[in-house]
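Visitor: I would like to learn how to read a fold step by step. Could you take me through one?
Guide: Gladly; let us look at it together.

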Amino acid sequence: MVSPDTAEAPYARVKRFLKDGLERGEWPPGALMPSEAELVARFGVSRMTVNRALRELQGEGLVERSQGVGTFAAQRHRLASTLTIRDLHEELAARGQQHEAEVLLKAEESAPPALAERLGLAPGAPVFHTVIVHRADGVPLQLEDRYVNPAAAPGYLDVDFATTTPTHYLLQVAPLWEAEYSVEASAASAEEARRLAIAEGDPCLVVVRRTRRLEGPITIARLVHPGARYHLEGGFRP
């Protein structure tokens, strides 16, 4: 039995134990977590106390509960009060469209100071860099320019991104804990226009996304979409 911590309410001790375990990756997304009975025995508290801790974690989007089955670690790429990080391949498949990817660049580079700071690296440290054009039924839909922290995904450059997307791979090997977005309208540069088969200066939707795991940043991606071919969806849950 865990010795009581008089500085914390009993439910808070249970909640902290579970939350710390989730942050450490002790229960990966979708994993079955300790049952209410196990937590009651471990902490010497009532079932009502355990239930309160689990309810609060569920409200924060950290766990999912199934009546009669148990409590599961939530899929952390589905964020309750912001945009959902979606795998483009799966999104297109759901629309009945064929996804194709052309890898323009896949290399290890030296991180310049500004990029290194955002990825938690020392200036000049190795960083993985990919540039990929994603197509839907043969039509360019997204130009993805991505940098990856090698510590988060050491096998990144070995992946065939013509058959799987960086998003899908990274969610498997480095489940995120936090994500940051910025979204803006921008005129296509000459290079972007050429890669996306649009006219220079055409309107584009640009999403810049940075994700983090507990140990530090995972990736920064700049995603450029022709404004006439893509829409951005999101939701809010109070």
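Predicted model: local features only at pLDDT ≥ 70, side-chain atom pairs only at ≥ 80, totals over all residues.

Visitor: In what order do the strands of the open sheet lie?
Guide: The general idea first: strands of a sheet pair through backbone hydrogen bonds, either parallel or antiparallel. Here 6 strands form an open sheet in the order β3-β4-β5-β8-β7-β6, with antiparallel pairing. On average, neighbouring strands are turned by 15 degrees against each other, direction ignored.

Visitor: Which helix packs on that sheet?
Guide: Helix α6 (residues 166–173) does, touching β4, β5, β7 (203–213) and β8 (216–226). The direction of α6 makes about 40 degrees with that of β5. The buried residues of α6 are Pro 166, Thr 167, Tyr 169, Leu 170 and Leu 171, and they pack against β4, β5, β7 and β8.

Visitor: Over how many bridges do β4 and β5 pair?
Guide: Strand β4 (residues 126–136) pairs with strand β5 (residues 139–148) over 9 bridges, in the antiparallel sense.

Visitor: How many bridges join β1 to β2?
Guide: There are 4 bridges between β1 (residues 63–66) and β2 (residues 70–73), and the two strands run antiparallel. Ser 66 stands opposite Gly 70 in β2. The hairpin has 3 residues between the strands, and Gly 68 takes a positive phi near 80 degrees there.

Visitor: Now the helices. At what angle do α2 and α3 pack?
Guide: Helix α2 (residues 36–43) and helix α3 (residues 47–59) pack at about 115 degrees, with their axes 9 Å apart. The range from 65 to 115 degrees counts as roughly perpendicular, so α2 is roughly perpendicular to α3. Their crossing is right-handed. From α2, the contact uses Glu 36, Ala 37, Leu 39 and Val 40; from α3, Arg 47, Val 50, Asn 51 and Leu 54. By class, that contact has 5 nonpolar, 1 polar and 2 charged residues.

Visitor: And how do the axes of α1 and α2 cross?
Guide: They cross at roughly 115 degrees and come within 11 Å. The crossing of α1 past α2 is right-handed. Arg 13, Val 14, Phe 17 and Leu 18 of α1 meet Leu 39, Arg 42 and Phe 43 of α2. This contact has 5 nonpolar, no polar and 2 charged residues. Note that Leu 39 of α2 takes part here and also in the contact with α3.

Visitor: Where is Pro 28 placed in the chain?
Guide: Pro 28 is in the loop between α1 (10–24) and α2.

Visitor: Why does Pro 28 count as partly exposed?
Guide: Buried means under 20% relative accessible area and exposed means over 50%. Pro 28 has a relative accessible area of 43%, so it is partly exposed. The C-alpha atoms of Pro 28 and Gln 172 are separated by 9.8 Å, although these residues are 144 residues apart along the chain.

Definitions and conventions:
Residues numbered from 1 in each chain as written. Heavy atoms only, no water. Pairing = 2+ DSSP bridges. Axes fitted to C-alpha atoms, helices over the stretch in contact; angles between N-to-C directions. Contact = heavy atoms within 4.5 Å. Parallel < 35°, antiparallel > 145°, perpendicular 65-115°, else oblique. Left-handed = near helix turned anticlockwise from the far one by under 90°. Nonpolar A, V, L, I, M, F, W, Y, C, P; charged D, E, K, R; others polar. Buried < 20%, exposed > 50% of the residue type's maximum accessible area, 1.4 Å probe, protein only.
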